[in-house]
Amino acid sequence: VQLQASGGGLVQAGGSLRLSCAASGRTFSSYVMGWFRQAPGKEREFVAVVSWGGGSTYYADSVKGRFTISRDNARKTAYLQMNNLKPEDTSVYYCVAGRGVYTSPARYDNWGQGTLVTVSS
């Protein structure tokens, strides 16, 4: 599966953005979809993941209550709604597709190209 992330940009603290991850191929619903992020000089970190049918979601503690992950299998697209953004959310955000629900980036073989989110204070 190939992934194309979009929706990043510059936003003020407290603002919102919605990231999208469009997938190619016919097997989108057989993949768990997730988001990771990487800030300059830091390791890539888990953000959120949604199960195959969208019924289960998991979040990093740092974004819980502010971010919402979802998916539309008919559109082959996953989303990350980000509200109440903080300067520390500034990162390149990557969407991923995998065969299981994991929080380690090493467990995902399919990565999008990344989209930059910058939150100004």
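**Close-up 1. Contacts of Asn83.** Beyond its neighbours within four places in sequence, Asn83 is in contact with Gly15, Ser16, Arg66 and Phe67, contact meaning heavy atoms within 4.5 Å. The model is predicted: local features need pLDDT of at least 70 and side-chain atom pairs pLDDT 80 or more, whereas totals for chains, interfaces and linings use all residues. Residues are numbered from 1 along each chain as its sequence is written, and side-chain values use heavy atoms, with hydrogens and water left out. Asn83 lies in the loop between β8 (77-82) and β9 (91-98); strands are DSSP runs of E with at least two residues, numbered from the N terminus. The C-alpha atoms of Asn83 and Phe67 are 6.0 Å apart, although 16 residues separate the two in sequence.

**Close-up 2. Salt bridges of Arg37.** A salt bridge places a side-chain nitrogen of Lys or Arg within 4 Å of a carboxyl oxygen of Asp or Glu. Arg37 forms one with Glu45, at 2.6 Å between the closest N and O atoms, and another with Asp89, at 2.9 Å. Because Arg37 lies in strand β4 (residues 32-38) and Asp89 in the loop between β8 and β9, this pair ties together parts 52 residues apart in sequence. Arg37 and Asp89 are both buried (under 20% relative accessible area; exposed is over 50%, partly exposed in between; 1.4 Å probe, protein chains only). Glu45 is partly exposed, at 35%. Through shared partners, salt bridges join Arg37, Glu45, Arg66 and Asp89 into one network.

**Close-up 3. The pair Asp61 and Lys64.** The side chains of Asp61 and Lys64 form a salt bridge of 3.1 Å, N to O. Asp61 and Lys64 are both exposed.

Notes: Helices (H or I, at least four residues) and strands (E, at least two) are DSSP runs, numbered from the N terminus.
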